[in-house]
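Please keep the structure in view while reading.

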Amino acid sequence: MRETVSIRLFNTLQKGREKLGKESLSRVRDFVESQQLKDESFMNKSGQSDIYYTLFGWMLSYVLGVRLDSKKTAEYLAEQDIDDMDLIHYAAYMRCRMIQRLLEGGKLNVLIHSFFSSPVKQLPDFPGLPHDDPEAPYTQFIWLSLLEDTGQTVKNKHDVLDALALYRIPSGGYSNMQNGVTAATNATAAGLIVTGQLDGYRKNADVDYLWGTQKESGGFGATERSPLPDMLSTATSLFTLDSYGIQPKYSPVDFIEAHWQNTGGFSATLLEDTSDVEYTFYGLLALGAI
């Protein structure tokens, strides 16, 4: 059975953790703990509880060994109003539920639940979709991950792959708009992961394109022409290349370390000096993908 995207992410984060020395690990763990709220959720950039940031916080906590109270995590999830969640927040909620099962009963508990699929409403029925487009690469990436996390499979694989072709740029890569003229790193990584999960991770022109967009600094930008590479684009690109078994053109180690703040967290770009659990997740993911 092919690994789910969630399992790939967990495995990559674990590899990132293994590359940290004792002192470095302690610094990152301390930062993650500093972002934790009393109800075991995690704060967003405004210091408020947020299911989206809680997902990153719980994944990091599980990998780094930060203590989470399984009873409080269950209570937090029970309080969430999932009916009005958009696709991204609902997918975050469902992955949080999977992590909560890990905390409650270990991997065996998750394995048992994986044999029973959970009902999920149809993609167009969500109150909000990325780019307001159910077929865009990033939307399809989130949807695929959600289906995997709820024990379901994509039944219209060929339709999904055909739809993705409409977002492909002839010179390589994907846009999040049909018939776009410029590839976006986010869309390209998403399209390649969806393609890999559905049709196998075989080297192709779009992987070559992504590989070629890396800056000499070791980072990746939001687009090929972006002057400032960022941690999100770098982490997703490295994760995608690693999924295809391809090493980056340049070593990204110095780039990743340059975004590591004294707080123990990672920043989004070199122009920022603040950290949060989302970008700390990207920092550890980037380390694990090289």
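A cavity is here a set of grid points where a 1.4 Å probe fits but cannot get out, whereas a pocket is an open set. The model under discussion is predicted. By the rule for cavities, the count comes to one cavity of 30 Å³ or more.

The volume of the largest cavity is about 40 Å³. Its lining is formed by Q140, W143, L144, V154, V160, V194 and L198. Two or more of these lining residues come from each of the elements α6 and α8. Helix α6 gives the most, with three residues. In class, the lining of the largest cavity divides into six nonpolar residues, one polar residue and no charged residue.

Several helices give two or more residues to the lining: α1 (5-18), α3 (51-64), α5 (87-114), α6 (137-149), α8 (185-199), α10 (231-243) and α12 (277-288). Which element gives the most to the lining of the second largest pocket? Helix α6 does, with six residues. Helix α6 also gives the most to the lining of the largest cavity. By class, the lining of the second largest pocket comprises 21 nonpolar, five polar and two charged residues.

The next topic is the pairing of charged side chains. Across the whole structure, a search finds six salt bridges. One of them joins R168 and D206, whose closest N and O atoms are 2.9 Å apart. R168 lies in the loop between α7 (157-165) and α8, while D206 belongs to helix α9 (residues 205-212), so the pair ties together parts that are 38 residues apart in sequence. Are the two partners buried or exposed? R168 is partly exposed, because its relative accessible area is 29%. D206, by contrast, is buried, with a relative accessible area of 6%.

A further salt bridge is formed by the side chains of D208 and K203, at 3.7 Å from N to O. Here D208 counts as partly exposed at 39% relative accessibility, and K203 counts as exposed at 62%. The side chains of D69 and R67 also meet in a salt bridge, with an N to O distance of 3.9 Å. D69 has a relative accessibility of 21% and therefore counts as partly exposed; the cut-off for a buried residue is under 20%.

L228, L270 and L271 make a nonpolar surface patch of about 310 Å². Of these residues, L228 is placed in the loop between α9 and α10. L228 counts as partly exposed, because its relative accessibility is 32%.

A last pair of residues gives a sense of distance across the model. K71 is found in helix α4 (residues 70-78) and counts as exposed at 59% relative accessibility. Between K71 and G245 there are 174 residues of separation in sequence, and their C-alpha atoms are 39 Å apart in space.

Conventions: Residues are numbered from 1 along each chain as its sequence is written. This is a predicted model: local features need pLDDT of at least 70, side-chain atom pairs count only at pLDDT 80 or more; totals for chains, interfaces and linings use all residues. Side-chain values use heavy atoms; hydrogens and water are left out. Helices (H or I, at least four residues) and strands (E, at least two) are DSSP runs, numbered from the N terminus. Ala, Val, Leu, Ile, Met, Phe, Trp, Tyr, Cys and Pro count as nonpolar, Asp, Glu, Lys and Arg as charged, and the others, Gly among them, as polar. A salt bridge is a side-chain nitrogen of Lys or Arg within 4 Å of a carboxyl oxygen of Asp or Glu. Buried means under 20% relative accessible area, exposed over 50%, partly exposed in between (1.4 Å probe, protein chains only). Patches are made of residues with over 30% relative accessible area and no salt bridge: like charges are joined within 9 Å, nonpolar side chains (Val, Leu, Ile, Met, Phe, Trp, Tyr) within 5 Å. Accessible areas come from the Shrake-Rupley method with a 1.4 Å probe; for residues, only the protein chains shown count as cover. On a 1 Å grid over the protein atoms alone, a cavity is a set of points where a 1.4 Å probe fits but cannot get out, and a pocket is an open set with protein on both sides within 12 Å along at least five of seven lines; lining residues have an atom within 4 Å of a point. Grid points are joined across faces, edges and corners, and a volume is the space filled by probe spheres set on the points.
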